[in-house]
Amino acid sequence: MAAIFIHGRTREQGFSGTINLAGIRAVVEAVNNIPVIGNGDVTTPQAARKMLDETGCAGVSIGRGAFYNPWIFQHTLHYLKTGDLPAEPAFADRVRVMWRHLDLMVEVFGEELGCRMFRKVAPWYAKRFGPANEFNKRVVQISTKTEFQEVLENYLRWRRQFLDENGELLPRFQPPPLVASFMQEPAVARREQIPVPQGPVEVW
Ligand SMILES: Cc1cc2nc3c(=O)[nH]c(=O)nc-3n(C[C@H](O)[C@H](O)[C@H](O)COP(=O)(O)O)c2cc1C
């Protein structure tokens, strides 16, 4: 089976800037016989819905969003079917899946290479951990699972300062909700205040 997967940014943009939904739509319209799958910044079920609706693509593919929320596929299917948005996973569940991911990489690539490759992956998971610099700084040095365990244990101790008595992140340390680049209003519409020149109003 053939399909086209189209990412809505140029290579120069890397992961920054906005996904071009109109560009994905143009590909969907130009292709007749095979499915076109949209990609880029689908980090929430609502973003999947918007990309499907606005581009007419046959499906979406999800990269980083799966590290931010490993249940995103299940959650997106549920949301598309019912309109209900499941809650984001708990920190402990994210850590459990991150560990399983490392175990599987070690199984496939061997301990040293698997761990070295995981240096790139772990910080994607950490984006949803709240404060994580202590983790990110050290996880990029691991070469064994024991080292990963030490980094994680050290991080869990360090992270306690950001928690309330129930072990939940204090509100001011919670990461803001994920919003895909193409879900935001254009900058002008988002402005809360229109910038005005300094000085008394009568003068201008
Ligand atoms: C850890 C990681 C590894 C990736 N590896 C590849 C790859 O081997 N080949 C590829 O074409 N794209 C690769 N990509 C790019 C993704 O396929 C995808 O196009 C990109 O991440 C944008 O989608 P996203 O916004 O859902 O992450 C990778 C992305 C990430 C985050």
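1. Helices here are DSSP runs of H or I with at least four residues, numbered from the N terminus. Helix H6 covers residues 111-126, and Trp124 belongs to it. The model is a predicted one, which should be kept in mind for each point below.

2. Setting aside residues within four places in sequence, Trp124 is in contact with Phe15, Arg64, Phe67 and Tyr68. For Tyr68 the separation along the chain is 56 residues, yet the C-alpha atoms of Trp124 and Tyr68 are 6.6 Å apart. Trp124 is also one of the residues around the ligand.

3. A polar atom in the side chain of Asn39 is 2.7 Å from a ligand oxygen. For Gly63 it is a polar backbone atom, with 2.8 Å to an oxygen atom of the ligand. In Arg64, an N or O atom of the side chain lies 2.7 Å from a ligand oxygen. On its own the ligand has 600 Å² of accessible area, and the protein covers 54% of this.

4. The sheet is open and has three strands in the order S1-S2-S3, paired in parallel. Strands S1 (4-7) and S3 (59-61) are at the edges; each has a single partner strand, so one side of each has no neighbour in the sheet. From one strand to the next, the twist averages 35°.

5. Within the sheet, S1 pairs with S2 (residues 36-39) in the parallel sense, over four bridges. At Ile4, the bridge partner in S2 is Val36. Helix H1 (residues 21-30) packs on the sheet and touches S1 and S2, with its direction at about 170° to that of S2. Helix H2 (residues 45-55) also packs on the sheet; H2 touches S2 and S3, and its direction makes about 130° with that of S3.

6. A last point concerns Ser143. Where does Ser143 lie? Ser143 is in the loop between helix H7 (133-139) and helix H8 (145-159). Not counting residues up to four places away in sequence, Ser143 touches Glu111, Glu112, Cys115 and Arg119. With Arg119, the side chain of Ser143 makes a polar contact of 3.3 Å.

Notes: Residues numbered from 1 in each chain as written. Predicted model: local features only at pLDDT ≥ 70, side-chain atom pairs only at ≥ 80, totals over all residues. Heavy atoms only, no water. Near = heavy atom within 4 Å. Polar contact = N/O pair within 3.5 Å; in protein donor to acceptor, adjacent residues only side chain to side chain. Areas by Shrake-Rupley, 256 points an atom, 1.4 Å probe, with all protein chains shown as cover. Pairing = 2+ DSSP bridges. Helix = DSSP H or I, 4+ residues; strand = E, 2+ residues; numbered from the N terminus. Axes fitted to C-alpha atoms, helices over the stretch in contact; angles between N-to-C directions. Contact = heavy atoms within 4.5 Å.
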